[in-house]
Amino acid sequence: MALVLEAVVLGVLIGGVYALMASGLTLIFGVMRIINVGHGALVILGAYLSFALFRSLHIDPFLTLVVTVPAMFALGVLIQFIFIRPLRTDREALSVLVTYALALGIEGVLGYIFTTNYVELRAWYETASFPIFGFYITWVYVFGFVLCLAVLGALFLMLYRTPFGGAVRATMLNRTAAQLIGVDVDRVSALAFGVGMATAAAGGVVFGLTNAFNPGSHYDLISRLLTIIVLGGLGSLRGAVIAALIMLITTEVAAVLISPVWASFVFFAILVAVLIVRPQGLYGVRVRERI
Amino acid sequence: MSRTVALKALGLVVLAVLALLVPVLAPDPATTNVAVFTMMYVGLATAWNIMGGYTGYISLGHAAFFGFGAYSLGLLLNQLHIAPGYGPFVLVPVAGLLAALLAVGIGWVALRTRAATFVIVTIAFMFMLQLLAENLVKLTGGGAGLSLPYPRDWGGDFFNTPYYYAMLALAVLALVVSWWIRRSKFGLGLLAIRDDEDKALAVGVPTRAFKLTAFVISAGLVGMIGAVYGYYVTFIYPQFVIDPLIGISMVLMVFLGGLGTLSGPVLGAVLLEPAQLQFAYHFGASRLYLVLYSAVFLVVILLMPRGIVPSVADLWHRWRRRRAAGPTATARGPRKAVKAASP
Amino acid sequence: MSLLEISELSKRFGGVVAVDGCSLSVPAGSITGLIGPNGSGKTTVFNLVTGFLPRDGGEIRFKSRSIAGLGPDRVYGLGIGRTFQLARIFPRLTALENMLVPVRRAGFRALLSRGQWGHEKEHAMEMLDFMDISQVAGTLGGALSYGQRKLLELAAVMMARPELVLLDEPAGGVNPALLERIAEHIRQLNGQGVTFLLVEHNMGFVMNLCHEVVVMQQGRVIAKGKPSEIRENPAVLDAYLGA
């Protein structure tokens, strides 16, 4: 029982990290109607950026965010302008392929620079732990969770309390209508992609602190993130957060109750089960264009 | 009209003879190895196009059926103690059938969703299968891999030949199926689904049954090709047969050649696969081949999103129209403009 | 005898009641008009009848047989065709291919038949001829003019020889000359025994063409009768002017 409780607590803490990464992904889908298959690779890129700074400057990994978040934001805006904007027809399908290609490119470049050996971000809180409910929690999970909560909070505040957020939400609801009421959809898209990348940078640091990673790690990560946003309902931020928590708690519990190697399988099995009952996901709206 | 038909037939015969003669003309194993893989991708791209090209439902998880076919054949051969040689080829259709059965289940779930979600669900299924292959250690050998019987009597230059002809046969089968579907009422229904799924439903097209049928046919063909691949490489690992890169390669080839066309996937595979093997051979260790691959990919999609065949066909029609010229040519004017605008 | 019988049909979207206990019948062999102010639930009735939306209550009978709950493809197979507002055709198929898409009876036969040859193709050409658009048979749907699309959509729906056709704004966005052509085609098809139910805002078109008119307001039927009766019905005038 204590093991299960521990798994649940850990699931919530890690779930927060996935919630952040998945929010960026679902935000990009919501605003631009594209699936960013490169999101996982960009998270890994964020982790490697932090790793490079951490290795050369010997600073705390969380401090590297001061550099990586703006850098990734700029990269996101750039990617949107160079690779996504030119896609005028069949955006949904072609964007999947373009972002997949970007993921491969990033994997290749990272592999060339850092080799395919696994690396890890290190800090004192990565090993230090504290007791609670009769088991130990490593500080890094708590710090990561707090960071992700803070970024998620900022994201929600931005979306619901600022004019830019209003423009973003209008674009998510109806691109054409948003254009008609004077929203510069291209600018909103670019900034939203940038914001998505910034969350990837933040997620990358925490991912790098809690996992050993290599350039190929993005496959596993993206398959989980995509599963989360489909489960939550494409384009629903609330859905992404809740789905991330459901998924991570279940996998952590499954790892304890069944076996760690089957934990990821349970993860996908949940998706299949949900899709049979609710093809649109937990919070998704059933897409049925113009009957 | 009849002259173009005759020219086409002649071209096909020449191509067929060339394809049949490859192991004779260039018998060294390095070349036939490239030929085996190229023919493999001709089949894979053509099979993928039956679903992705005709219905517009992009599956990025077809590597699941490829790997499943390979594992199915491997397990059948090992469990039934089939001796290496030509015998294993007989069981390839069984592996394809099993992959098709799997596709019924996967398709039933995945096709409840549309467009964007479908793409993601196919990816999720691929990773599920990869996990199964890794975790069912007793059955598949897990990460340590599964070995298939190795035909020792086929030595030297001959070794690749049977595999080449097996791949060729499957590629031709895929092409015939694809050609025949494109000309059937069923195929027309698939194209209608690609254009406007709800409208197709309104004129009586049973869209779910049609999509599922296309998906299953496509997966069955890919499964058979995967089975031959497994027998060819004789050692299969979860990450290398259920490889996302295999899944994306067939998609890229189709997009390069021309989505939804018959010859496009063939052209895409013949152009890309040898290049891909060269990349991997020269830059594989440094991972730079991924960068090159990604660059080719981006150039294709950003500069020629419709692929080679439709673009060239447009140029050809435009040229012919200008030659036929005259004032009567204007009636057909808007045609290519719309074609260019359509997704 | 009525071909289509709708009774107490209702549909809600969240808190909005789109169709509220709607009852109407379409006599066999008639051209029946369904009119009403915007948002009165006419198109929703079409979507309910053709299986595009699940109903919340009520019954739909076609030739005395309940068709509620059947999917759109099944409904079409039973002999109910429909067109859409703003003419929907398949833009990347040629006009002739558009004609060959419709499937009356699905099954292995349909899967295996070579749809682009044989007498089905002949029938399609005849139908295109009938609509005076056979000259664009080889043109891609996306390259056709709006008027040609409207005619093609109707022609394609007729391919499987439906007994009842629901037309959603056949006169919408069409110039007066074409309007008269469309009306004439509908009249001729009706003469061959096809029953029509049409939603339309062009009153002149409806009053000229229809034998029966049904008026809807806020999801309910408020009047029905001959065009001449409807024209003088005060409740109808109220519905339009009050809305």
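Predicted model: local features only at pLDDT ≥ 70, side-chain atom pairs only at ≥ 80, totals over all residues.
**View 1. An enclosed helix of chain B.** How many of the 11 residues of helix H9 (residues 185-195) of chain B are buried? The count is 11 of the 11, so H9(B) is largely enclosed by the rest of the structure. Among the buried residues of H9(B) are B:Phe186, B:Leu188, B:Leu190, B:Leu191 and B:Ile193.

**View 2. Where chain B meets chain A.** Here 37 residues of chain B are in contact with 40 residues of chain A. On the chain B side, helix H6 (115-135), helix H13 (244-257) and helix H15 (288-303) each supply at least two residues. Which helix gives the most to this side of chain B? That is H6(B), with 12 residues. Sorted by class, the side of chain B that touches chain A has 28 nonpolar, 5 polar and 4 charged residues.

**View 3. A four-stranded sheet in chain C.** This open sheet has 4 strands in the order S2-S1-S4-S5 (chain C), with antiparallel pairing. At its edges sit strand S2 (16-27) and strand S5 (65-66) of chain C, each pairing on one side only. Strand S1 (residues 2-13) of chain C is joined to S2(C) by 9 bridges, and C:Leu9 stands opposite C:Cys22 in S2(C). Helix H1 (residues 42-49) of chain C packs on the sheet, where it touches S1, S2 and strand S4 (57-62) of chain C. The direction of H1(C) makes about 70° with that of S2(C). S1(C) also pairs with S4(C), in the antiparallel sense, over 5 bridges; look for C:Glu5, whose bridge partner in S4(C) is C:Arg61.

**View 4. The hairpin of S4(C) and S5(C).** These two strands run antiparallel and are joined by 2 bridges. C:Phe62 has C:Arg65 in S5(C) as its bridge partner. The hairpin has 2 residues between its strands, and C:Lys63 in the turn has a positive phi of about 50°.

**View 5. A six-stranded sheet in chain C.** In this open sheet, 6 strands follow the order S6-S7-S8-S3-S9-S10 (chain C), and the pairing is mixed. Strand S6 (80-82) and strand S10 (220-225) of chain C are the edge strands. Neighbouring strands are turned by 20° against each other on average, direction ignored. Strand S7 (residues 164-168) and strand S8 (residues 195-199) of chain C run parallel, joined by 5 bridges, with C:Leu166 opposite C:Leu197 in S8(C). H1(C) packs on this sheet, and its direction makes about 145° with that of S7(C).

**View 6. A glycine in chain C.** C:Gly147 has its place in helix H6 (residues 146-158) of chain C. Because it has 18 C-beta neighbours inside 10 Å, C:Gly147 counts as partly exposed. Leaving aside residues up to four places away in sequence, C:Gly147 touches C:Val174 and C:Leu178. C:Ala87 is 60 residues from C:Gly147 in sequence, while their C-alpha atoms are 8.9 Å apart in space.

Technical notes
Residues numbered from 1 in each chain as written. Chains lettered and ligands numbered in written order. Contact = placed C-beta atoms within 7 Å. Nonpolar A, V, L, I, M, F, W, Y, C, P; charged D, E, K, R; others polar. Pairing = 2+ DSSP bridges. Axes fitted to C-alpha atoms, helices over the stretch in contact; angles between N-to-C directions. Buried ≥ 20, exposed ≤ 12 C-beta atoms within 10 Å, placed from the backbone.
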